[in-house]
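Hi,

Here is the structure I promised to pass on to you. Have a look at it first, and then read my notes below.

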Amino acid sequence: MILDLKLTGGRVLTMAPDRPAASTVGVWRGLVVGLDEEVADLPARREADLDGAVVLPGFVDAHNHLAWAGRAARTLDISGCATVADIVDLLAADRGTGWLEVAGYDHRALDRPLTAKDLDRIGRPVYVQDLSGHACVVDSATLAALPAEALHDVQRDERGEPTGFLAEAAQTAVRALRLPYSLDDVVADIEAGARQCLRQGVVLAAEAGVAGGLIGSTPLEVGAYQRADLPIRVQLMVAADQLRPVAAHRDDRLDRAVALGLRTGLGDAKLSIGALKVFTDGGMIARTAALTEPYEGIGGRGQLQDDPEVMRASIVDGHAAGWQLAVHAIGDRAIDFALDALAEAVSRRPRPDARHRIEHCGLVRPDQLDRIAELNLIPVVQPTFLWAYGDDYSGIMGPRRAPWMYRGKSFLDRGIPIAGSSDRPVADGSPLRAIQFMVERLSSTGLPVGPDERLTVEQALSAYTAGSAYACRREHDLGSVAPGKRADFAVLEADPRTTEPSRIADIAVLATVVAGEFAHNPAGFPG
């Protein structure tokens, strides 16, 4: 045999328990075919001496928004503004026509919240995306164009007028005025978002919602991914609002399905259909995550995303139609709802290895942990949220609840697998940043956030390799460096296990290898 590629001189952390380390990797036709002595004497068409660099299985980001990330990167960004006046001046300087879309809004960083009246000075329709993705601020003309029911339960000023801040369903109504984006724009955004991932060692990104829901860009979104030149592997979650009544045979016992009977698993190693995405609540930044007890200092318990019966039916019907479910639930009240609905779904139609997921699983009470384990659910967490926003989140949860956020050790102690993810662009997409937080449990200011939930470096690495591959049903070909697995690697300048924990996020990604090719190679390795 002549290998296509041989990696030598590296320190390979395989993340495979039966053979945890190696120094040589042989690759043929995009697959790992052997390690060390198994390939040492085989010739290769290309050989890359890694000069002591560290090789890991490529990172898997189990919850990512590629199109949104790409779009945010080309959108007017106000994250550097300190006052509303700064925002208005920046927006007024844009001389375009039509919709003005704006990214990076964070009310917590400003002198006061932005309002519709502020945006009216721009003289064109303005859509200011909240950092969380669960809210926006719009101008008065846009408010007037919305159906009355969309403004039924929105934030209002002292005179009873809508302030322009719209969350969840009201935000969706605004997006309906703006969408769809053109396929050419969506393709460009997908490619830009995927390149962000590639630079950070990510080889598979699970796009968390296409063709509908809060995040969808166009009803033709799957086609955009097919057209895109993808430098990494992508798995698509389909929005649950794509479920439709079907006239199936009575023996199929299906009331609703996605068109053509599509379900989890269609596709190939490069682009595939993943889970069905179901929203049940909002987010902590927008204060819409559904809690059982009020937010500290501000009151309110957030909100469920939709009528409970509508959401329950999506979960039950989606499971019956053969989908893996990815249920967005951040607050503990939403997690209660998700647990009840998932339990009903699997009891009605038992299915081995359904492998349902709870996206975010942000605030988990102690009494919910065992139930998550009993239902064999996978928490798909975003540790970088607490690095970036941990001070704020701790304040609105209070000292009793703050240790329950985005848990780590408590899950593993109960045999619950953890899948790492970023929710890019809501927070920094770097897996190494998230791994550092999981080990330290310190916010960007040094505030401890749930220190009892700390993981070892090996456990944190596993969450972004083996754990996230398992959540995406790709453990058979990703998540470890072993014969028969895809030759997808992240090449790092240092070993996270021996690096000072506070420096893990600073480790450089020297290269990202996808299917045996150096798709990202700033270090200039031969091969």
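The lining of the largest pocket has 22 nonpolar, 12 polar and 10 charged residues. Here Ala, Val, Leu, Ile, Met, Phe, Trp, Tyr, Cys and Pro count as nonpolar, Asp, Glu, Lys and Arg as charged, and the others, Gly among them, as polar. Keep in mind that this is a predicted model, where local features need pLDDT of at least 70, side-chain atom pairs count only at pLDDT 80 or more, and totals for chains, interfaces and linings use all residues. Residues are numbered from 1 along each chain as its sequence is written, and side-chain values use heavy atoms, with hydrogens and water left out.

Back to that pocket: it holds about 1100 Å³ of space. Of its 44 lining residues, Ala167, Glu168, Ala169, Gln303 and Gln305 are the closest to its centre. H5 gives the most to the lining, six residues. (A pocket is an open set of points on a 1 Å grid over the protein atoms alone, with protein on both sides within 12 Å along at least five of seven lines; in a cavity a 1.4 Å probe fits but cannot get out; lining residues have an atom within 4 Å of a point. A volume is the space filled by probe spheres set on the points, which are joined across faces, edges and corners. Helices, H or I with at least four residues, and strands, E with at least two, are DSSP runs numbered from the N terminus.)

Cheers
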